Amino acid sequence: MSHTADSRGAAAGPRTPAAVGCTLLVIALGAGATSCDSGHPLAAEPYDATDRISFSGSLGPGKKADPDQPLEVVAKDPDGRITDVTVHDATGRYVAGELAADGSRWHSTSPLAAGARYTVRVSTEDQDGAPGRKVITFDTGRPLTKKRLNVDLGPGKGTYGVGRPVTAELNRPVRDRAQRAVVERALKVDSTPAVQGAWHWVNDRELHYRPKEYWPAHATVRVRSNLAGIKVGDRLWGGTAEPLEFSTGDRVEALTDAAAHWMKVYKNGKEVRTIPVTTGKPGFETRNGIKVVLGKERFVRMRSSTLGIAEDSAESYDLPVHFATRVTWSGEYLHAAPWSEGSQGSANVSHGCTGMSTENAKWFFENVREGDVVKVVNSRGETMTPFGNGFGDWNLPWRKWRQGSALTTGDPDGPAPAGRAGLRPQSR
C-alpha cells in the first residue's frame with residue numbers, strides 16, 4: 001500500500017513533519033457507507049470518501065484559499081485511513097506533501113501558488129480495505145504583498161559551446177536556505193539527451209546550473225521557472241521569468257601547455273590543430289585551469305594601464321590586437337601577437353594572454369564560439385576562480401559543486417535529488 005503523497009513531487013513514506021506555525025487549511029474527510037455486496041471489497045466501486053468537507057481559515061463559500069496557509073487533509077473516520085493524496089494546479093504543477101504513517105492525515109510541504117486553481121484527489125480505504133475516493137477543487141487568492149522575485153535566465157537563444165552554464169539572476173537577494181530550496185525546486189532544466197546536473201548558489205542573487213560533465217555535443221537545453229505565484233518567504237512571492245531554449249554545437253576544447261608552449265585544439269575528441277603559443281611571463285603568468293569562451297572581438301586595443309602598469313615603465317604597452325577571443329572579464333584573451341612570433345613555441349613573454357600568429361589566431365577565432373572550453377596546464381599562475389571573472393565553474397569538483405545547492409542532502413557525490421532540479425528527459 002503506497003504511502004507516497006505524490007510520486008511527482010511529494011515525499012515518500014512517513015517523515016517527521018516540519019513545524020507549521022500558521023493555521024492549516026483543512027479538508028476533513030469522513031468515510032461513507034459501503035455496499036453490503038458479499039463480494040470482495042476491492043471489487044466494489046470506490047465509495048464517496050466524504051460525508052462532509054470543512055475548511056478552516058479564510059476559505060469558505062464564495063471565498064478563496066489563503067496561499068500563505070499549508071494544505072492539510074484529515075481522515076475523520078477512526079476505522080479508515082488515507083492512502084494517497086495528489087494536488088496540482090491547472091498548469092500541472094504538483095504540490096509536495098507528507099502522509100502520516102497511520103494514514104490519519106496528509107499535509108503539504110511545498111507552498112501553494114497565489115491566484116491558482118487546485119485539484120485535490122484523495123484515496124482512502126475503510127476497515128475492510130474497500131477503496132474510497134474524493135476529488136475537490138479550490139482557488140487561491142492573490143498575495144497582499146507587491147514584492148516579487150523575478151528571474152532572468154541565461155544564456156539567450158542560440159548555439160553555444162559545451163562549457164556554457166545556465167545562469168539565473170534574481171532581482172532580490174535570497175539568503176535563507178529554506179527559501180533558496182523553494183527557488184531551486186521551481187527552476188527546471190531539461191536536456192536532450194538527458195544528463196545529471198545541479199544548481200549552485202554563486203551568491204544571494206545568482207545561481208549557475210551545470211552538468212556533472214560538459215553538456216553533450218548537439219544537445220538541446222530547455223530552462224523554465226515555475227516560481228510565478230509561489231510564496232518564497234515572508235512577503236516575498238515568485239514573479240515572472242521568460243523560458244529559454246538553447247543548443248550546443250560540437251565539443252571544442254583548447255588545451256594549452258604553458259611549459260611546452262603549444263596549444264592543441266580538439267573537436268569532438270579529435271585533435272584538429274596544434275598551435276605554437278606564448279603565455280604569461282614571470283610576474284604575469286597565465287591562469288591555470290578551465291575557462292570558457294565569453295566572446296570574440298575582431299579588434300581590441302590593449303593597454304597596460306588597465307592592469308595598473310605605469311605608462312612610463314618598462315612593462316608599458318599600448319597595442320592594436322586582432323582576432324581576440326576573451327576568456328575572462330578582467331581581460332585575458334587568446335589573440336594574434338605578430339610581435340612575439342619569434343617566442344611562440346619556445347618562450348613565455350606575454351602579460352598573461354595567450355599569443356599566436358595572426359594566421360593561427362584568425363583560424364581559432366573562426367572555429368570557436370561562446371561556451372567552448374579553454375584549459376591551461378603547467379603554468380605557474382594561479383588557478384582560474386570559479387566565479388566572478390568569467391565561467392570558471394568547471395574548476396569546482398562535482399562534490400563541491402553539489403554542496404552549493406540548497407537541495408543537497410546526504411552524499412554530495414550521489415545523484416541529484418529526483419524530481420527537483422536535476423535534468424530529466426524532455427517529455428514529448
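**Figure 1. The loop that holds P193 in the predicted model.** P193 sits between strand 13 (187-192) and strand 14 (197-203). The peptide bond that links T192 to P193 is cis, and its omega is about 0°. Most peptide bonds are trans.

**Figure 2. The cis peptide bond from G154 to P155.** Omega for this bond is near 5°. P155 belongs to the loop that connects strand 10 (151-154) with strand 11 (159-160).

**Figure 3. H261, a residue other than glycine with a positive phi.** The phi value of H261 is near 65°. H261 lies in the loop between strand 20 (252-257) and strand 21 (262-267). Its relative accessible area is 12%, so H261 counts as buried, the cut-off being under 20%.

**Figure 4. N378 and its backbone phi.** Phi is positive here as well, near 60°, and N378 is not a glycine. Most residues other than glycine have a negative phi. The loop that contains N378 runs between strand 28 (373-377) and helix 3 (398-403).

**Figure 5. The chain as context for the close-up views.** The fold comprises 3 helices and 28 strands. Of the 428 residues in the chain, 49% are buried. Among contacts with a separation of 6 or more, 67% are between residues 24 or more positions apart. The accessible surface of the chain is about 20,400 Å². Carbon and sulfur atoms contribute 49% of that surface.

How values were computed. Residues are numbered from 1 along each chain as its sequence is written. This is a predicted model: local features need pLDDT of at least 70, side-chain atom pairs count only at pLDDT 80 or more; totals for chains, interfaces and linings use all residues. Side-chain values use heavy atoms; hydrogens and water are left out. Helices (H or I, at least four residues) and strands (E, at least two) are DSSP runs, numbered from the N terminus. Buried means under 20% relative accessible area, exposed over 50%, partly exposed in between (1.4 Å probe, protein chains only). Contact means heavy atoms within 4.5 Å. Accessible areas come from the Shrake-Rupley method with a 1.4 Å probe; for residues, only the protein chains shown count as cover.
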